[in-house]
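Hi,

Here is the structure I promised to pass on.

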Amino acid sequence: MKQARILKNVSSRISVTRFLDYKAYLEAVYQAMKTEMDSYSYMQFAEDLGFARSNVMYLIIKGQRPLTNKTGRKIAEALELKAVERKYWDDLVAYFDSDLAPEREVILQNLVKQKTRTISDSDELMAQLEYFTEWYHVAIYEFSFTPHFTDDPQELAAALIPRIRLDQAKKSLILLQKLGLLAPDPETKKLKPTQARISTGHEIMSMALVRYHSKILELAKQALMTISVEEREISATSMAIAPERMPKIKKEIRNFRKKIMDLAAQDPEPERVYQLSLQLFPMTRKQP
């Protein structure tokens, strides 16, 4: 009974809404339990969560065994997650359990909305969050650096690929002005870029960026079918590498991206907005 009280106390101190991955949350709870009880083990953790005394929680936390919705509900009940925390946990598990892109998008939207309720009601922060939750806000801002930019919502909506709705274009222009990214020219009264930048330091931004990158990947899939090969460059390479090589490879990727941005910055009058996306991720599981 004492152990159950400790687990309840620990779970009440660690908010699941701080996490974007259920494995990281469970690991945090487990490590907190080890701090409270030196001899605590993954096998004991499994038993406390209502499973047989086994290595099941070790496998789940290390990503070697998936967490189903049914198992997730069992864990939520053992940790006594309530209200917002329970809803967030259920959606987090469902997001990783789903293989359907449309379903994952809906769940991710719900996670973003729930996470925003856990932060202070800052107008600036909420506006920054909105900026990264839709791809076209970033595209319109970059478009403003070209001579073809227009602040007419109807023309702006038609200029993007894929085309967006009129109401989306209107809201985006309002948002970009609210963020200080666009401002009226004193002479022409037309909107122009201000060179301001958006901070991504707050933890809520990480959730918004997950959705943003998901949207960009969807646009890349569309471009593969709708944009001619003369106007795009899409390639992929699979390779076997050692884990200790990753920091060097990631550094090279960052350097390459910076080099491309430096080349783009040399254009005095850029004509179009392009999206450069780089992905590097494992295709096999980490071995014990």
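Leaving aside its neighbours within four places in sequence, which residues is Ser98 in contact with? They are Glu103 and Arg104. Before going further, bear in mind that this is a predicted model.

Staying with that serine: Ser98 sits in the loop between helix H6 (83–97) and helix H7 (101–116). Its relative accessible area is 7%, which is under the 20% cut-off, so Ser98 counts as buried. The side chains of Ser98 and Glu103 are also joined by a polar contact of 2.4 Å.

Next, a helix pair. Helix H9 (residues 135–143) and helix H11 (residues 166–178) have axes that come within 10 Å and cross at roughly 65°. Because 65 to 115 degrees counts as roughly perpendicular, H9 is roughly perpendicular to H11. The crossing of the two, H9 and H11, is right-handed. On the H9 side, the contact is made by Tyr136, His137, Ile140 and Tyr141, while H11 brings Gln168, Ser172, Leu173, Leu175 and Leu176. Sorted by class, the contact of H9 with H11 has six nonpolar residues, three polar ones and no charged ones.

Last one: Ile227, which is in the loop between helix H12 (203–226) and helix H13 (246–265). Not counting residues up to four places away in sequence, Ile227 touches Ile161 and Arg232. If you want a distance to check on your side, the C-alpha atoms of Ile227 and Leu166 are separated by 23 Å, with the two residues 61 apart along the chain.

Cheers

Technical notes:
Residues are numbered from 1 along each chain as its sequence is written. This is a predicted model: local features need pLDDT of at least 70, side-chain atom pairs count only at pLDDT 80 or more; totals for chains, interfaces and linings use all residues. Side-chain values use heavy atoms; hydrogens and water are left out. Axes are lines fitted to C-alpha atoms, for helices over the stretch in contact, and angles run from 0 to 180 degrees between N-to-C directions. Helices (H or I, at least four residues) and strands (E, at least two) are DSSP runs, numbered from the N terminus. Angles under 35 degrees count as roughly parallel, over 145 as roughly antiparallel, 65 to 115 as roughly perpendicular and the rest as oblique. A crossing is left-handed if the near helix is turned anticlockwise from the far one by less than a right angle, and right-handed if clockwise. Contact means heavy atoms within 4.5 Å. Ala, Val, Leu, Ile, Met, Phe, Trp, Tyr, Cys and Pro count as nonpolar, Asp, Glu, Lys and Arg as charged, and the others, Gly among them, as polar. Buried means under 20% relative accessible area, exposed over 50%, partly exposed in between (1.4 Å probe, protein chains only). A polar contact is a pair of N or O atoms within 3.5 Å; within protein, one must be able to donate a hydrogen and the other to accept it, and residues adjacent in sequence count only if both atoms are side-chain atoms.
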